Structure formats: C-alpha cells, structure tokens
Amino acid sequence: MMRVEPILLEGHTAIAIEVKLPKTTLLVVTTDKGYIMCGALDVALLNERLKDRNIVAARATGVRTIEELLEAPLESVTYTAEDLGIVAGMTGKEAILRMM
C-alpha cells in the first residue's frame, strides 16, 4: 500500500509518502528542493556516485512513521544539503523547513 498526502509545516506544504513493503516501510517527506527519508536512503551514494546531481537529501534512522521522521534527529545529510545549512543532528522538520 502507498499513501501520499500533503503536510503543513509552519505555513508551508510538503508531501509525505509512505510505502508499505514486505517487512519494511519506506518514509519520505519531500519539497521542491529536496527530501528527508528513512534509513533506506543511501547518502554516501548520493554524495559520491551522484554528486554531479547536487541532490538535497537527509536520512533519519529508526523511524516508523512520518511523524517520527519529522521529529527524529538526522543521521546523515548530503553535501548539497549542508550548503543549505542542514546538518546531522537537526530534526527532520528543521531540515524540511530549510528546503522550502
């Protein structure tokens, strides 16, 4: 099953995506500039092999819901996300607001 819905954060709208897969759930919150995702995101791949794409993304681990993804501290971020002031340790919500 897949669920896609808008979420309002401090007057801005982002899109939450939840994909139920066997034995796991993929969680993503996205904006026009970038996205945060659950532990399935490979930040190293984005930074190394896809560096030329300048992807703004961040990863939080140990989350099971969109709400947890927004409240969890980020475990890793892409180099391009760092350029926007997004750093490991900030919450997913803080990162999404910088991506607006």
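## Sheet, core and a buried threonine

Pro6 has Ile15 in E2 as its bridge partner. The model is predicted; local features need pLDDT of at least 70, side-chain atom pairs count only at pLDDT 80 or more, and totals for chains, interfaces and linings use all residues. Residues are numbered from 1 along each chain as its sequence is written, and side-chain values use heavy atoms, with hydrogens and water left out.

**Overall build**

The protein has four helices and six strands. Helices (H or I, at least four residues) and strands (E, at least two) are DSSP runs, numbered from the N terminus. Along the sequence the pattern reads β-β-β-β-α-β-α-β-α-α. The radius of gyration is 13 Å, close to the 13 Å that the globule rule gives for 100 residues, so the protein is as compact as a globular protein of that length. That radius is taken over C-alpha atoms, and the rule is 2.2 Å times the number of residues to the power 0.38. The C-alpha atoms fill a box of roughly 35 × 35 × 20 Å along the principal axes.

The accessible surface comes to about 5,900 Å², and 52% of this belongs to carbon and sulfur atoms. Areas come from the Shrake-Rupley method with a 1.4 Å probe; for residues, only the protein chains shown count as cover. Of the 100 residues, 41% count as buried. Buried means under 20% relative accessible area, exposed over 50%, and partly exposed in between (1.4 Å probe, protein chains only).

**The sheet**

Six strands form an open sheet in the order E1-E2-E3-E4-E5-E6, with mixed pairing. E1 and E6 (76–77) stand at the edges with a single partner strand each, so one side of each is left without a neighbour in the sheet. Two strands pair if DSSP finds at least two bridges between them.

| Strands | Sense | Bridges |
|---|---|---|
| E1 and E2 | antiparallel | eight bridges |
| E3 and E4 | antiparallel | three bridges |
| E4 and E5 | parallel | four bridges |

The hairpin of E1 and E2 has two residues between the strands, and Glu10 there takes a positive phi near 50 degrees. E3 and E4 also form a hairpin, with three residues between them. Val28 has Met37 in E4 as its bridge partner, and Val29 has Ile36 in E4. Gly34 is bridged to Val56 in E5. From E4 the chain crosses through H1 to E5, a right-handed β-α-β crossover. Right-handed means that, with the strands pointing away from the viewer, the path from the first strand over the helix to the second runs clockwise.

**The core**

The largest nonpolar core holds 32 residues; Val29, Ile36, Leu70, Leu74, Ile86 and Ile96 touch the most other members. Elements giving two or more residues to this core include strand E3 (24–30), strand E4 (34–37), helix H1 (43–48) and helix H4 (92–98). Such a core is a set of buried Ala, Val, Leu, Ile, Met, Phe, Trp, Tyr and Cys residues joined through side-chain atoms within 4.5 Å.

Leaving aside neighbours within four places in sequence, Ile96 is in contact with Leu9, Ala14, Val29, Thr31, Ile36 and Leu70. Contact means heavy atoms within 4.5 Å.

**Thr78**

Thr78 is found in the loop between E6 and helix H3 (79–83). Thr78 is buried, with a relative accessible area of 1%. Not counting residues up to four places away in sequence, Thr78 touches Val43, Leu46, Asn47, Ile55, Val56 and Ala57.
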